[in-house]
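Me: Could you walk me through one part of this model up close, and then show me what else is going on around it? Plain words, please.

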Amino acid sequence: MDWTPGNRRSSAMRREQNLALIGAVVTGAVIAAGLIMLLFARVNPDGAARLRGVMIDLLTPVWSVVRAPFDGIGRAVALGSDYIGAVSRAERLEADLAAARAELQRAAADRLALAQLRRIAAVREPGRRLIVTARIVSATSGSMARTALVAAGAGSGVAPNLPVIGADGLIGRTVEVGRWSARVLLLTDPASRIPVTIVRTGQAALAVGTNGPRLELRDRVGPDLPLQAGDRLVTSGDGGVFPPGIPVGTIVTAAEPARIRAAATPVGAAYVRIEAAWLPLPVTPEPTLPENTTPVPAEARRSGARAPAATPATPIAR
Amino acid sequence: MIGEIPPWRLLDPAERRQYWRGQWRLAVPAMTVLALIFVMTAPLLVPVPVFPQLALLAIFIWVSFQPGLMPPWLAFLLGLVADLAFAQPLGLDATLFALAAASVRLFDARHGYQPQLFEWRQVAIVATLFELGAWQLMALAGQPIPLPPLGWQLLTTIAAYPLVVALCAVVQRRSFGRGLVG
């Protein structure tokens, strides 16, 4: 050997130590960056909307093609549960039908009376407007958010915060929108809050998602009547997103907080209506400030000063 | 094999081409994780979050199989993709994946290779910490969620570990050779 290998080892060791140090620093920086991003998300929850739109545009087409086996599984499960307990369900349904017929006759009379009253009082109600009917393509069932993907996006006029309604009732509202796809926040998501009315008692409340199979009823106001299992909930129209009268669910446990079974599930090949927001927030024009009419002293005007810009001393209360 | 630069002047052009063509292997662990993130968005509409955290499992496994190819910063980037795919606040999975990769890497560097049953227990601990961390970080991001439903995901994640480890082992053998035996 015509060179001394002694120095090589220590330099390799030093190199390794340096690399380990750089690795540790990068790791720390990356974790800190993640935490800072979470804080940003707290301040601005709608951040990165463009990126999210691109992501769902990538996911949706694939699942809208590869969804057949999943539809099959869903239908098989539904079919099996249909057969179990079919007789008792038929008996119950017949009893319900008899009650419903009587209710229907009363409702027809009420509808007539309501139409007359509305005409007399000249009530004007905003109409519901369908934007697009689309198919639910996919859903995240392994994460912190309960959402579904819908195969219609900004190209069809879909925007964030629109009501999504299924055949049996409310599904949720849109939160992220891509070019050809949108993400729907389902009723079961912990961030979902639906203003509802309890049909029997007329109380107003919020149906809150729990990330589980049942919703919770919170913030009930109105007449002091106890709830019963089987009470139906419909949207109240408060908040301006969901049109009133859409079925939301049925109360299964009346104990506080009451548990709700959702009326509509996005299971299977479900088509949903995406409608325009019921009463979108009106665009408030910027308040025009009163003109500043304070006179400018003659001396100041002579030296070239102009009348000051209109700046009120106190902010205008809206 | 990976990461070591061969003595370049000793290679003939064909061998050099072969070396460059082999570079796709560097992306194999990340691609596996991306594929599993995609699988996690499958249209399985169940009322509770039951889908196992396949991406977390894959990151755990790749950190012990190929520590050089799953550094914490890569886990961070994969976590960002997961956040976008699952409509979570940006940074949730990114932070947790990076933390998981860093801690597993540290543990493996100190204590070396462990039998699979031990790794399974380790996965149970990491997954539990992951769910608790997700619960806390969601509150930090201003979207608090209830903790109990996450228990379902924890159970399925722990149960899915042998499956993901088998998958990653197949990928490892196909792309990086047969390992210690043979």
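Reply: Let's start with B:Val33: leaving out residues up to four places away in sequence, B:Val33 touches B:Ala55, B:Ala58, B:Ile59, B:Trp62, B:Met70 and B:Leu78. Contact here means heavy atoms within 4.5 Å. Bear in mind that this is a predicted model, where local features need pLDDT of at least 70, side-chain atom pairs count only at pLDDT 80 or more, and totals for chains, interfaces and linings use all residues. As for bookkeeping, residues are numbered from 1 along each chain as written, chains are lettered from A and ligands numbered from 1 in the order written, and side-chain values use heavy atoms, without hydrogens or water.

Now zoom out a bit. B:Val33 is one of the residues that touch the most other members of the largest nonpolar core, a set of 62 residues; A:Met144 and B:Trp62 are also among them. Such a core joins buried Ala, Val, Leu, Ile, Met, Phe, Trp, Tyr and Cys residues through side-chain atoms within 4.5 Å, and buried means under 20% relative accessible area with a 1.4 Å probe, protein chains only. Elements giving two or more residues to this core include helix H1 (6-43) of chain A and helix H3 (54-65) of chain B. Helices are DSSP runs of H or I with at least four residues, and strands are E runs of at least two, numbered from the N terminus. H3(B) gives the largest share, 10 residues.

For another spot, look at A:Thr235 in strand E9 (residues 232-235) of chain A. A:Thr235 counts as buried because its relative accessibility is 1%. Beyond its neighbours within four places in sequence, its contacts include A:Leu170, A:Ile194 and A:Phe242.

How values were computed. Buried means under 20% relative accessible area, exposed over 50%, partly exposed in between (1.4 Å probe, protein chains only).
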